[in-house]
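I opened this model to look up a few local features. My notes follow in the order I took them.

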Amino acid sequence: MNTNDPSLPNYRRPEAVAIRPDLDLVADLLAGTRRIWARAKEAKYLRQWADEKDEVYAIRREGETVFEGLARVLSASVGMLFAKPPALVWNASEVAFAEHWQNLDAMGTAGPVLAKRFSERALADGLGLILVDHTPAPAGVVVTDATEQALGLRPTWALYHRAQIASWRVSKVNGTMMLTQLVLEECGHEPVAGYGVTEVRRYRKMFLVPSVDAANQRDGGQVAMWELWRETVTAGVNSFRLEKLGTFRNRAGHAADRLPVAIAYTGRTDAPLCATVPLLGVAWANLAHWRLSTALTFAREVASYAQGVLIGELAASTNSLGAVVPGRVRLGPLSLIHLKGEGASFEWKAPPTEAFTALERGIEEKLKQIGQMGMSFMVTDTRAAETAAAKRLDATAENSTLATAAQGIQDALNTALELHAWYLGIEKAGAPMLTINTDFENVALDPQTMTAYVDAVARAGLSPRLLLEAWQRGGRIPADADLDALEAEMMADRQAIEDAKAAEALMLAGTRQAA
């Protein structure tokens with residue numbers, strides 16, 4: 001693919017190329033074990049040692065499943081954002097908007113569900129994008145309520161992965177920096193023969209062009225337009241065909257003066273359409289955990305097969321005809337091995353297992369790292385003794401917490417609502433406003449969120465103190481509760497349970513021995 005040719009629609013900016021391996025790592029881990037197995041060699045997730053045969057590498061690569069630590073952290077984060085349904089204030093738009101809210105993508109996805117999917121995508125990639133598009137009216141058709149209903153002329157929301165953002169341009173328009181061009185990669189399928197399908201790749205280019213007031217021949221601002229390019233590959237050469245083009249207009253025929261996209265930044269950003277991946281550290285720890293687990297599983301399997309080691313010379317024998325028969329090795333029941341020479345011996349040797357302990361310790365460390373980084377992302381480490389003003393300053397200064405990411409998601413969703421309302425002829429002040437949970441310090445933890453905390457802490461083997469502090473901040477434990485005493489009680493209860501299990505195991509072992 002000619003992704004480095006700026007004259008072609010599939011050109012990718014250097015920033016998009018640079019971030020792609022990190023996006024692929026996150027996507028592969030979220031896809032699960034089989035994806036990691038399939039991509040292990042290509043993406044260099046698991047090293048193939050020098051002189052290691054491909055068939056041995058294949059066995060080692062598929063020896064251990066992937067612990068879904070990143071997926072659990074992401075699921076818990078989204079669960080915290082949507083523990084309560086998003087609050088929607090209709091303003092002056094309920095009559096025109098309510099039906100669309102129940103089917104935002106024109107494929108049956110209701111607003112709260114689509115918002116949740118968008119949040120998960122944005123948190124995973126560090127950046128999420130919504131295109132608020134609409135089917136243009138055929139030439140000569142006057143848009144009315146009847147024609148809109150019959151022809152499906154309505155706004156629709158489409159979610160894009162960050163990896164689909166190929167290129168963009170930003171320019172100053174009327175003194176303000178604006179996104180003036182954006183190219184999105186789209187993959188779809190078309191039917192082939194009676195039952196098959198083939199993949200089709202297209203590039204959607206959206207851009208602003210100057211508008212001229214025809215009556216006065218003067219600059220009339222900016223107009224948002226779009227083109228759809230279809231890619232074909234013949235003999236390894238890419239070619240592109242313009243399939244469709246048009247202008248973004250609302251139902252009254254007015255052209256949009258900005259690109260109809262909403263962008264959520266959930267990672268740190270210092271440039272348009274650039275952001276860090278907030279859970280990348282969790283992803284790397286997750287990958288390292290799988291590597292160490294794979295090494296341990298393979299080493300244990302190899303160590304379970306002892307190898308015969310012969311020292312010395314095999315003794316020859318004489319057959320019934322008097323001929324000398326060279327010595328040979330026979331392994332199995334009632335078989336003997338005849339050796340000669342001083343110090344000759346035969347014994348079974350197994351690989352050393354001392355390294356197992358180091359691998360097991362490394363696996364535990366990575367589990368804790370996943371849990372610690374996940375919890376630090378979900379919950380800001382605030383001090384109970386701080387004043388309200390100090391806490392607000394902490395929240396403002398913290399750029400990598402879930403609360404800050406949630407604010408970016410909320411802003412993008414409200415921008416999309418505003419774009420949707422514009423098509424319907426509703427002014428910005430009358431557009432709906434959405435609010436999701438962005439203040440975790442003052443919202444009581446519901447059972448779903450508490451379960452997420454318990455699961456994350458328990459699987460990472462962390463101290464119960466993390467749970468107690470989270471529950472106290474979430475209103476489940478009184479602010480003046482003695483956390484030291486509660487932690488000691490929890491640890492004592494845990495030890496009692498472990499002692500009871502150990503005693504039961506000893507009793508069962510004694511019963512079996514007696515039998």
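**Strand pairing.** I started with E2 and E3, which pair in the antiparallel sense over six bridges. This is a predicted model, and I read every entry below with that in mind. I looked for a facing pair and found Leu131 opposite Ala158 in E3.

**The sheet.** Next I traced the strand order. I got E3-E2-E9, an open sheet of three strands with antiparallel pairing. Which strands stand at the edges? I found E3 and strand E9 (261-265) there, each with a single partner strand, so one side of each has no neighbour in the sheet. I noted the twist as well, which averages 20° from one strand to the next.

**Helices on the sheet.** I then checked what packs against these strands. H6 lies across E2, E3 and E9, and its direction runs at about 140° to E2. Helix H11 (residues 402-423) also packs on the sheet. I saw H11 touching E2, E3 and E9, with a direction that makes about 175° with that of E9.

**Largest pocket.** I moved on to the largest pocket, which holds about 860 Å³ of space. I listed 25 lining residues. Which of them lie nearest the centre? I wrote down Asp133, Ala158, Tyr160, Glu186 and Arg204.

I sorted the lining by element. Helix H6 (111-125), strand E2 (127-134) and strand E3 (155-160) are among the elements that supply at least two residues each. So do strand E5 (176-192), strand E6 (196-213), strand E7 (218-234) and strand E8 (237-247). Which gives the largest share? I found that E3 does, with five residues.

I also sorted the lining by residue type. I got 12 nonpolar, five polar and eight charged residues.

**Ile19.** I looked up Ile19 in helix H1 (residues 14-31). Buried or exposed? Ile19 has 16% relative accessibility, and the cut-off for buried is under 20%, so I logged Ile19 as buried. I then asked what Ile19 touches beyond residues up to four places away in sequence. I noted Arg162, Ala275 and Val277. I took one C-alpha distance too: Ile19 and Cys274 are 8.9 Å apart in space, though 255 residues apart in sequence.

**Lys44 and Asp51.** I checked phi values next. Most residues other than glycine have a negative phi. I found that Lys44, not a glycine, has a positive phi of about 60°. Phi of Asp51 is also positive, near 70°. Where do they sit? I placed Lys44 in the loop between helix H2 (33-39) and helix H3 (54-61). Asp51 is found in the loop between H2 and H3 too. I checked accessibility for each. Lys44 comes out at 68%, so I logged Lys44 as exposed. Asp51 comes out at 81%, so Asp51 is exposed as well.

**Met490.** My last stop was Met490, in helix H14 (residues 483-514). Met490 has 29% relative accessibility, so I logged Met490 as partly exposed. I set aside neighbours within four places in sequence and found Met490 in contact with Pro464 and Leu468. For Pro464 I also took the C-alpha separation from Met490, which is 7.4 Å. The two residues are 26 residues apart along the chain.

Terms used:
Residues are numbered from 1 along each chain as its sequence is written. This is a predicted model: local features need pLDDT of at least 70, side-chain atom pairs count only at pLDDT 80 or more; totals for chains, interfaces and linings use all residues. Side-chain values use heavy atoms; hydrogens and water are left out. On a 1 Å grid over the protein atoms alone, a cavity is a set of points where a 1.4 Å probe fits but cannot get out, and a pocket is an open set with protein on both sides within 12 Å along at least five of seven lines; lining residues have an atom within 4 Å of a point. Grid points are joined across faces, edges and corners, and a volume is the space filled by probe spheres set on the points. Helices (H or I, at least four residues) and strands (E, at least two) are DSSP runs, numbered from the N terminus. Ala, Val, Leu, Ile, Met, Phe, Trp, Tyr, Cys and Pro count as nonpolar, Asp, Glu, Lys and Arg as charged, and the others, Gly among them, as polar. Two strands pair if DSSP finds at least two bridges between them. Axes are lines fitted to C-alpha atoms, for helices over the stretch in contact, and angles run from 0 to 180 degrees between N-to-C directions. Contact means heavy atoms within 4.5 Å. Buried means under 20% relative accessible area, exposed over 50%, partly exposed in between (1.4 Å probe, protein chains only).
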